[in-house]
Amino acid sequence: MLSVVRSATLLGAHGRSVTVEVHVSNGLPGFTIVGLPDAACREARDRVRAALLSSGHAWPLRRVTVNLAPSGIRKAGAGLDLAMALGLLAATGAVDGRLLDGCVFLGELGLDGALRPAPGTFALVASCPATATVVVAPGAQQDAVAAGSHRVRTARDLRELLEALDGRRPWPALRPCAPAPVDRAAVDLSSVHGQELGRRALEVAAAGGHHLLLVGPPGAGKTMLARALPGLLPPLGDVEALETSRIHSAAGMRPPGSGLLRRPPFRAPHHATTPVALLGGGTATIRPGEASLATNGVLFLDELGEFPAAVLDALRQPLEDGMVRVARARESVDLPARFLLVGATNPCPCGWGVHAGACRCTPASRARYLRRLSGPLLDRLDVQVVLSPPEPDALLSHSGTPEATAAVAARVAAARARAAARGVCSNAALPTAELEVLAPLDDAARALLRRRLAGGELTPRGLGRVWRVARTIADLDGAAEAVGESHVAAALELRGAATLLRTWTVPA
Amino acid sequence: MTVATAPDPGAGRVVPLAGGVTAGAGVPDAWRTEERRELAALCGLAAMTPRRLWSLCGPDGPRAAWRALARGDVRAAALAAGGARRSGATTARLERLVARWHEAAAATRPEDLVEGWARQGIEVLVAGDDAFPAPLARRPGAPVVLWCAGARPAGAAGADAPSSAWPGGGAPCVALTGTRSSTAYGERVASCLAEGLAAAGVEVVTTLEAGIDAAVRAGALRGGGPLSALAAAGVDQRQPPGAWQAVVEGGGRVLSDARVGARPERWRFPHRNGMLGRSADALVVVEAHTTGGAMHAVEAALEVGVAVGAVPGSVHSPSSRGSNALLLDGAHVVRQVEDVLAVLAVSGAPAVRVGGGARPVGVVDDRRPAPDGVDGAVLAALDEELTVHLDRVLAVSGLSLPIVAAALERLVDGGHARRAVGGYLRAPERGHVRCADRLQP
Ligand SMILES: Nc1ncnc2c1ncn2[C@@H]1O[C@H](COP(=O)(O)OP(=O)(O)O)[C@@H](O)[C@H]1O
Ligand SMILES: [Mg+2]
Ligand SMILES: [Zn+2]
């Protein structure tokens, strides 16, 4: 006797449909799982057996073969337990197989028959056909509801599930989503005193999607400013919210019961984080790394120079392509990784290099320190500013609170709307070929850029970056179509650290 | 550190120092003239130290010593008995060294060596020459020879003749130095002092480092006076290249007691700084941290009784802590050129020929329309000596970033402001009088 039950498994940041086929035949009693199960999945046999016995069912003393299709992808974890148990019951005739049609079963089983959430339920549900009824454990119901428009059903244990399936009792009611947890680390700009340049840099980075580098001595407020950035980004749209939630779910990063992620994520991995944890991968299963978790939000690399050079180099692929490709002998998985990169660093080993008279580092030690930042990575950061610690007066003055995040976010939203009207999601993504058309320069602006290029302060590669940033500044200014001299001058000012770091990397 | 007391100069015959070869009580005149090339060639051997040189030459002089080396007649044991071996060096090491010297001496003739240097524009100065910094030659620990690049007198008699055309010869000599990590204030004072002293015909001595010393070199060259910059490496190394070139092409000279070909090893820097402290009639520290090269120079100066002066700096600035501490310890207060001249007068240096030989200097002629409107408001937020961060310009002016950025661009373009690390500086005002102007009789 054969039965077929639908379920799903995780592959990278995505769910994949899995068909669980259970075949029961005469022969020596046994239980075999085929179709690339991992160790946890293989152990399903013991959990399913105990769960069936505790729920008042018999364990068939016959030959049981479970095939997990498609057979080419690795099935990870215990999330297929429930589907296997139901398949077995259907194959032995204990349950009417037709009741299972049109349903997708996602969940682990406890030895007492209890349903437990499958890791990555959000991502799993998101991969199910929209017409399917999704059956999940009570702990995963909010994720399942948030993941799409599926009919979601839940039950505490196997016994309750079977009774609800054949109509002997109603399905238990669903609980509403818990409110999104407040991000305690987030900083409101109203608590950032002084830092006029840093604030402008944040605003421009948020409005244009420009990657940002903050250079300054310890205590200048680099970390504080970076934490204020997600608040300036617009809330995630439906597509982004689903994508980000899915990735977080696949990585097992979502607190149970939270709904759709609507705030742009902020990920700040420590520099001791392993390359795999940062970029994704893993030995048994491929898990999304911090770069993917930051998708549609901010990836903050504090103390940029402390990260291993290999990691910084590897970040170039996501910055270029918006994804991390994890290649394996058997499979190659693309993990989405589109984020706004914010780096923070001291200008030199002692940290006070931008303060005349304060830094005692030798040009050689400075150059050595900065070379670790990896030139190709720095090249991709559009906005690079030197921060100075706030003056005591700025910290203590009570003459008015600094402008709050909400006010700045409103300007950012308006500027983003202007960019969207040009057909790009953000100015940072403006194709070079279209800069002349979408960001036309007036004569004075052109002359200024020519002067800086001729003087060598601006590299040809930096030109495109400055141009895009100038477009964003013009958008924030509510300016007309052409980008003016003042916008270019401001964009150059917001790249001041780049020139400095370049000259310091090559000591005289 | 007490500035008031210093040991008597010229105490011992030979003051052994790391590196370099010292003159002690003086190089015999015959060595300096007839046996000059051999003396220079001996000093140019690897790992030549004062003790080794003196025991090599003995009573017979450099020429005999070179010939003996070339023949292979020099015995390490004899050298060791003569005092050439110091506690560290084993006889075996000394033997290897003597073998290397023998190879070098057998392979080259002193005249070829000296001529080779001359072709690279390198001249040899022997302690006692007119062009050899006189204060340095007088003091214990003076090198026997210095190698010199730049300021080569036109039509000099020959590579091996004592040169006498150095304009600094016989002039009073002031060492100006300070931190590499300088402020705009310190650089401004340094270049003003150097310019004024150079214009007055005082020889200015400093190093090839960045920061204050760079400002000193620029000022001295502007003032048109003699400038000697001490290099840590051999003068042929042209290290650091930018500074080396600026001095040589600007009419100054680069001096070093490190033999030609010597790399800029770490230990050579403190050694060079010590030499700086002994090579002038007075040492002025413009801006310095409590530790570092300038303080090495001060220690060396105090040891041999060179007068030390310092320029007061901001009590907030870490880079003025060392110089301010010197003032507290009793160093002469230096605010302007006259203060330095006063120090020279009491320290028994040759008299200054005020105005003599100096170029006339005048008012900086940079008449620019005074900026007004937005530019004026932005300029008002800047300072001539303290780098102002953009945060402050934005806060003080209350203007938006594009407006401020465009105004700064115009101000820099018009020469009213300049970019500095971490912000902007205001350029000196229109009609600003150069410091050297005050010296006009
Ligand atoms: N502009 C500022 N306004 C208010 N507090 C500040 C400001 N800058 C720094 N601080 C305070 O100083 C602390 C250290 O700042 P932080 O962001 O950690 O500096 P950095 O990362 O540059 O070393 C912050 O947590 C904050 O309390
Ligand atoms: Mg920090
Ligand atoms: Zn430093």
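This is a predicted model: local features need pLDDT of at least 70, side-chain atom pairs count only at pLDDT 80 or more; totals for chains, interfaces and linings use all residues.

In which loop of chain B is B:P240 found?

1. B:P240 is found in the loop of chain B that runs between β5 (227–230) and α11 (241–250).

2. The place of A:L36 is in the loop between β3 (30–34) and α1 (39–42) of chain A.

3. The domain assignment divides chain A into domain 1, covering 2–165, and domain 2, covering 189–504. The contact between them takes 20 residues from domain 1 of chain A and 21 residues from domain 2 of chain A. Taken over C-alpha atoms, the centres of the two domains of chain A are separated by 44 Å.

4. How much area do domain 1 of chain A and domain 2 of chain A bury between them? The value is about 1500 Å², with 62% of it on carbon and sulfur atoms. Of the area that domain 1 of chain A buries against domain 2 of chain A, 33% is supplied by A:G12, A:A13 and A:F122, more than by any other three residues. The count of salt bridges between these two domains of chain A is zero, whereas the count of residue pairs in polar contact, both at pLDDT 80 or more, is seven.

5. On the side of domain 1 of chain A that touches domain 2 of chain A, at least two residues each are supplied by β1 (2–11), α4 (121–126) and α5 (141–146) of chain A. Helix α4(A) gives the most to this side, with four residues. By class, this side of domain 1 of chain A has 10 nonpolar, seven polar and three charged residues.

6. Ligand 1 is surrounded by 14 residues, and the closest are A:H193, A:G219, A:K222, A:T223 and A:M224. A polar backbone atom of A:H193 is 2.6 Å from a nitrogen atom of ligand 1. An oxygen atom of ligand 1 has a backbone N or O atom of A:G219 at 2.7 Å, and a backbone N or O atom of A:M224 lies 2.9 Å from an oxygen atom of ligand 1.

7. The contact between the chains takes 27 residues from chain B and 32 residues from chain A. The area buried between chain B and chain A is about 2300 Å², and carbon and sulfur atoms give 57% of it. How many salt bridges are counted between chain B and chain A? The count is three, and B:E409 forms a salt bridge with A:R452 in which the closest N and O atoms are 2.6 Å apart. Across this interface of chain B and chain A there are also 12 residue pairs in polar contact, both residues being at pLDDT 80 or more.

8. The elements that give two or more residues to the side of chain B that touches chain A are α17 (390–397) and α18 (401–413) of chain B. Helix α18(B) gives the most to this side, with seven residues. The residues on this side of chain B divide into 11 nonpolar, 10 polar and six charged.

9. Chain B is assigned domain 1 (29–119), domain 2 (134–362) and domain 3 (373–426). The centres of domain 1 of chain B and domain 3 of chain B, taken over C-alpha atoms, are separated by 61 Å.

10. Over all chains the count comes to 42 salt bridges. Within chain A, the side chains of A:R411 and A:E203 meet in a salt bridge with an N to O distance of 2.8 Å. This pair links distant parts of the chain, 208 residues apart, with A:R411 in helix α17 (residues 405–421) of chain A and A:E203 in helix α7 (residues 196–208) of chain A.

Notes. Residues are numbered from 1 along each chain as its sequence is written. Chains are lettered from A and ligands numbered from 1 in the order in which they are written. Side-chain values use heavy atoms; hydrogens and water are left out. Domain bounds come from an automatic or database domain assignment. Contact means heavy atoms within 4.5 Å. Buried area is the accessible area (1.4 Å probe) that two parts lose on being put together, summed over both. A salt bridge is a side-chain nitrogen of Lys or Arg within 4 Å of a carboxyl oxygen of Asp or Glu. A polar contact is a pair of N or O atoms within 3.5 Å; within protein, one must be able to donate a hydrogen and the other to accept it, and residues adjacent in sequence count only if both atoms are side-chain atoms. Ala, Val, Leu, Ile, Met, Phe, Trp, Tyr, Cys and Pro count as nonpolar, Asp, Glu, Lys and Arg as charged, and the others, Gly among them, as polar. A residue is near a molecule or strand if one of its heavy atoms lies within 4 Å of it.
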